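Dear colleague,

I am passing on a structure that you have not worked with before, and I would be glad if you could look through it alongside the notes below. The sequence and the model come first, and what was found follows.

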Amino acid sequence: MTRPGLPKLIATDLDGTLVRSDDTVSAYTHGVLDRVRAAGIPVVGATGRGPRLTELTRNDIRAADFLVMAGGGRVVDQSDPTGPLVLRDERLPAEVLARLLADLEAEVGPLTVMVEASDEHDAPLWGDYHESWPYQDRFEARSRAECLSCDVIKAFARTADHHVDELLAVARRIVPPQVATLTQAGLGFIEICPPGVDKATGLTVVAQSLGVDPADVLVFGDMPNDLPMFEWAGWSRVAVANAHPALRAVADEVTLRNDDDGVAVYLDRLLSR
């Protein structure tokens, strides 16, 4: 439950939580986050977006002192006066991903697979074309062999015969957590990350660098990939009203939808009380 006073660290998911359906963040939200920082509370953007989308992410959460990206695999300290400092950078070995995909396809049939291999600005994902992927301008069709030619930041997979939550359940049953972390972020694909990589472990890097206890952290989210940080944070776990049922079920509180600036409305009230 929410504790009295103010948290010592605030982390928020972006897409579906802070960012509205039209891919914008309101001036009101930016202003409230600036007030949070002025109150001496560090702000963290915790997102599934990979480092190739760092500039977009910085624009969407300009007040962020830290970025936890790629679902926890890349952690960046933006407060360092000498420039952004990478505190964590994890990759999934290609041979591990190849075995994992083979095991999963043996269970569920052919998969549509994409990989995030490059951290260069606006680099495309590689892999199998699928019309449902919402970011076709940042996609490049490549063979499975090309996708498995190097270690990756993250992989994405889907099948026509399974809902994403069903596929995730199957994948978690056959893929041990010491092999890979599996989740989904509302894009219709399961996400395959290096083992031990999630938003909680990414935020742990931030919290340790600041000397903040997880019990003093407030988090916001909307999808199953936010569950680890909801389990980790202790000051309060707040879901937006449009959140996945699994996240709403474990939230301490529910704020307004992302399209109604739910995160900012909650923080505005918190700062004003």
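Please keep in mind while reading that this is a predicted model. One part of it is an open sheet of six strands, in the order E8-E7-E6-E9-E11-E10 and with mixed pairing. Its edge strands, each pairing on one side only, are E8 (139-141) and E10 (181-184), and the twist from one strand to the next averages 25°.

Within this sheet, strand E6 (residues 112-116) and strand E7 (residues 125-127) run antiparallel and are joined by two bridges, with Met114 having Gly127 in E7 as its bridge partner. Helix H3 (residues 94-108) packs on the sheet, where it touches E6, E9 (154-158) and E11 (190-193), and its direction makes about 145° with that of E11. Helix H5 (residues 164-174) also packs on the sheet, touching E9, E10 and E11, and the direction of H5 makes about 170° with that of E10.

There is also an open sheet of eight strands, again with mixed pairing, whose order is E5-E4-E3-E2-E1-E12-E13-E14. Here the edges are strand E5 (85-89) and strand E14 (253-255), each of which pairs on one side only, while the twist averages 20° from one strand to the next.

In the eight-stranded sheet, strand E2 (residues 43-46) runs parallel to strand E3 (residues 66-69), and three bridges join them; Gly45 stands opposite Leu67 in E3. Helix H6 (residues 199-210) packs on this sheet, touching several strands, among them E1 (9-12), E4 (74-77) and E12 (217-221), and its direction makes about 155° with that of E3.

Definitions and conventions: Residues numbered from 1 in each chain as written. Predicted model: local features only at pLDDT ≥ 70, side-chain atom pairs only at ≥ 80, totals over all residues. Heavy atoms only, no water. Pairing = 2+ DSSP bridges. Helix = DSSP H or I, 4+ residues; strand = E, 2+ residues; numbered from the N terminus. Axes fitted to C-alpha atoms, helices over the stretch in contact; angles between N-to-C directions. Contact = heavy atoms within 4.5 Å.
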